[in-house]
Protein chains: 2
Amino acid sequence: MPRPLVATIDITALQSNLALARRAMPSSKIWAVVKANAYGHGLASALKGFADADGLSLLEWDAAIQLREAGWTKPILMLEGAFDATDLQIADQHRLQIVVHQDQQIAMLKDAALSSTSSTLSQPIDVHIKINTGMNRLGFPVDRVQPAYGLLRSLPCVGKISFMTHFANAENNHAVLNANSQYQQFCSAIQGLDGEISVANSAAVLLHKDMSAQWIRPGVMLYGASPSNSEAAVYGLRPAMTLQSQLMAIQTLQAGEFVGYGSLFKAEKTTRVGVVACGYADGYPRHAKAGTPVLVDGQRVPLIGRVSMDMLTVDVTSLPNVEVGAKVTLWGEGLAIDEVAAASDTIGYELMCAIAPRVARAEKN
Amino acid sequence: MPRPLVATIDITALQSNLALARRAMPSSKIWAVVKANAYGHGLASALKGFADADGLSLLEWDAAIQLREAGWTKPILMLEGAFDATDLQIADQHRLQIVVHQDQQIAMLKDAALSSTSSTLSQPIDVHIKINTGMNRLGFPVDRVQPAYGLLRSLPCVGKISFMTHFANAENNHAVLNANSQYQQFCSAIQGLDGEISVANSAAVLLHKDMSAQWIRPGVMLYGASPSNSEAAVYGLRPAMTLQSQLMAIQTLQAGEFVGYGSLFKAEKTTRVGVVACGYADGYPRHAKAGTPVLVDGQRVPLIGRVSMDMLTVDVTSLPNVEVGAKVTLWGEGLAIDEVAAASDTIGYELMCAIAPRVARAEKN
């Protein structure tokens, strides 16, 4: 049999989290964000969990085609837009909406509009002008939005034009660059322009009810992790991925003996060590500190020693009856991914995306 | 086109690193370690790069079958052995050697020996007794080796018996648990027993020439990363994976403006920011600190701000002529993966294993 390491995706949790986003901003349509293989959850599971979404958004062109081939007929939004002109053909063929975040992408559309060859687009493409309101990653500066809109509006290959921006700090109150200040920038940039807007990421959906609009773009919340420092459960979010394995060996250490690479853990007394079939090559964070919680037979025990490539070790001295084969939960039901992430100095987003292909997959309803 | 992010595997580098291991311990046969999808490099590339290895070793049973189906006829060693009795059938069918690290695995072999049904093994299976000499992860305690050997030797379904152990600190001189002390434990445990041995991992291959034996088990060194604090190039190792992308956008910041989530980077002066199409959902470490080196058009520039899911940002103020589309190297040729790992408080092993499926693959010779 394969290693006893399985990531189980809870479809009802995906559905429940989507419904929660819907309730949070009931007048908005939802672009469910499914980039990065649905944050590691898999496109097939995402299609089941987000069947009620109004659209799916992502940035990988091959994955967008997969979504169409799997039967998704509602809108799809490409969050980084076209990387080159051939992407416009794909957008045309599969009816994908595209972000336009810089001049080069306007130029691609202009070329397509001028083309009289087989690369001519069969119908106008709906575009979303991305506006840089302080994130300084992608998007037109605020003072370039009106001319960009004018250029795009003049192109016959451009259909509906929408507007979006991305918040840098929607989950907290950054003194200078908070969601309110970015939102004001955004509103002034599009003043007088006609089009739907989407601004709210997960944190804004949960924390900035006033930023509801025609569309929202929740991501991480749909997978049951928190976009803020508050626990996901506080918002009513349910973990969509549970990563489980088993104890594959148990060692009994005498005082003075060590565990693992670098001998980071030294037993102070007789210690029962459980070896879990899960390591950093599975996506468990090597940064996880001693004491990071792990569930063995449903009981919390501390990680000890250094996470290695294929295994990690826990102190099961408090569980004298557990044996090889005992069920281990790394995160998910009963253990918030955000807690494991915090103990590894990162965020739940990173952990869920990092699940490796060699980890078996299952679904539950 | 896909995002312009490609991991290129250099087959000649794999070959060169294997040859270097060969020269380091010329009297030993080599188990090339290809677990975790060949440390992220892909089994197909590993088969080309390690064609001259004497055997391949890994722990994933499905991957072992893939190796046979791809035409590998030389030995294969399953480093964690059987997870349940069905694995013995796979070992039999595909002529896989197995590690035996605990009593439960002896019991599986005993059951197979007693079986008179269709699950009877067609031929004896070669086993490797794993001995725990202080790593305290997998393996029989030193005082249990002789009885374990006796039990296994009595089973008609067991063929050749070999011995192995695993070093916790082969790359440094831990005061208590160093490679020498573990090696002595190992030698005393197998005294009087007949069988081939393998003890040397990459660090021991490079640093403990006296621990040559019938077989060695190099892993990370074959991929061109260092198993110690010394640079890989010092040993003559060549990087086997080069991760490259492009600048997908450029932003010009005024003093006082920020970049990215959490607004971690604040421009002190007018700053040109390059946005690279690579993020933590691709396997680039979110822990990477400000200043982590990145090559843009072959020039070293510092990472700034927080690595996000699909993008990271660099300061290209020193490169006024680079444009969108400029070539970016995240690690590999020209930039040691170990240096990026160190700036992220981890090791090269983790980075190479973490490359996500959405990253395109290429090979060079």
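Copies are superposed by least squares on the C-alpha atoms of residues with pLDDT of at least 70 in both. In this predicted model, chain A can be laid on chain B with an RMSD of 0.0 Å. The move is a turn of 180° with a shift of 0.0 Å along the axis. That is the relation of a two-fold axis. The same surface serves both copies, as 100% of the contact residues of chain A recur in chain B.

**Where the chains meet**

- The contact takes in 57 residues of chain A and 57 residues of chain B.
- Several elements of chain A give two or more residues to the side that touches chain B. Among them are helix 2 (35–39), helix 4 (61–69), helix 5 (85–94) and helix 12 (348–353).
- Strands contribute too, including strand 11 (241–253) and strand 14 (271–276) of chain A.
- By class, this side of chain A has 27 nonpolar, 17 polar and 13 charged residues.

**Arg3(A)**

- Arg3(A) sits in the segment before strand 1 (6–10) of chain A.
- Is Arg3(A) buried or exposed? Arg3(A) has 23 other C-beta atoms within 10 Å. The cut-off for buried is 20 or more, so Arg3(A) is buried.
- Leaving aside residues up to four places away in sequence, Arg3(A) touches Ala277(A), and from chain B it touches Glu60(B) and Phe83(B).
- Arg3(A) and Cys278(A) are 275 residues apart in sequence. In space they are 8.8 Å apart, C-alpha to C-alpha.

**The two domains of chain A**

- The domain assignment gives domain 1 (11–225) and domain 2 (241–364) of chain A.
- The C-alpha centres of these two domains lie 37 Å apart.
- Their contact takes ten residues from domain 1 and twelve residues from domain 2.
- On the domain 1 side, the contact residues are six nonpolar, four polar and no charged.

**Helix 5 of chain A**

- Asp87(A), Leu88(A) and Ala91(A) are buried in helix 5 of chain A.
- These three cover an arc of only 105° around the axis, which puts them on the same side of the helix.
- An α-helix has 3.6 residues a turn, so residues three or four places apart point the same way.
- The cover over the buried residues of helix 5 includes helix 4, strand 4 (76–78) and helix 6 (103–114) of chain A.
- Arg95(A) follows helix 5 of chain A, and its phi is positive, near 50°.

**Helix 8 of chain B**

- Which residues are buried in helix 8 (residues 179–189) of chain B? They are Ala179(B), Gln182(B), Tyr183(B), Phe186(B) and Ala189(B).
- They cover an arc of only 125° around the axis, so they lie on the same side of helix 8 of chain B.
- Gln184(B) and Ser188(B) are exposed on the other side of helix 8 of chain B.
- The buried residues of helix 8 pack against strand 6 (125–132), helix 7 (145–153), strand 8 (158–165) and helix 9 (202–207) of chain B.

**Strand 2 of chain B**

- Four of the five residues of strand 2 (residues 29–33) of chain B are buried, so the strand is largely enclosed by the rest of the structure.
- Strand 2 of chain B runs parallel to strand 10 (residues 215–216) of chain B, and two bridges join them. Here Ile30(B) stands opposite Ile216(B).
- Strand 2 of chain B also pairs with strand 3 (residues 55–58) of chain B, in the parallel sense, over three bridges. In this pairing Val33(B) stands opposite Ser57(B).

Methods
Residues are numbered from 1 along each chain as its sequence is written. Chains are lettered from A and ligands numbered from 1 in the order in which they are written. This is a predicted model: local features need pLDDT of at least 70, side-chain atom pairs count only at pLDDT 80 or more; totals for chains, interfaces and linings use all residues. Two residues are in contact if their C-beta atoms, placed from the backbone, lie within 7 Å. Ala, Val, Leu, Ile, Met, Phe, Trp, Tyr, Cys and Pro count as nonpolar, Asp, Glu, Lys and Arg as charged, and the others, Gly among them, as polar. A residue is buried if 20 or more other C-beta atoms lie within 10 Å of its own, exposed if 12 or fewer, and partly exposed in between; C-beta atoms are placed from the backbone. Two strands pair if DSSP finds at least two bridges between them. The arc is that of the directions from the helix axis to the C-beta atoms. Domain bounds come from an automatic or database domain assignment.
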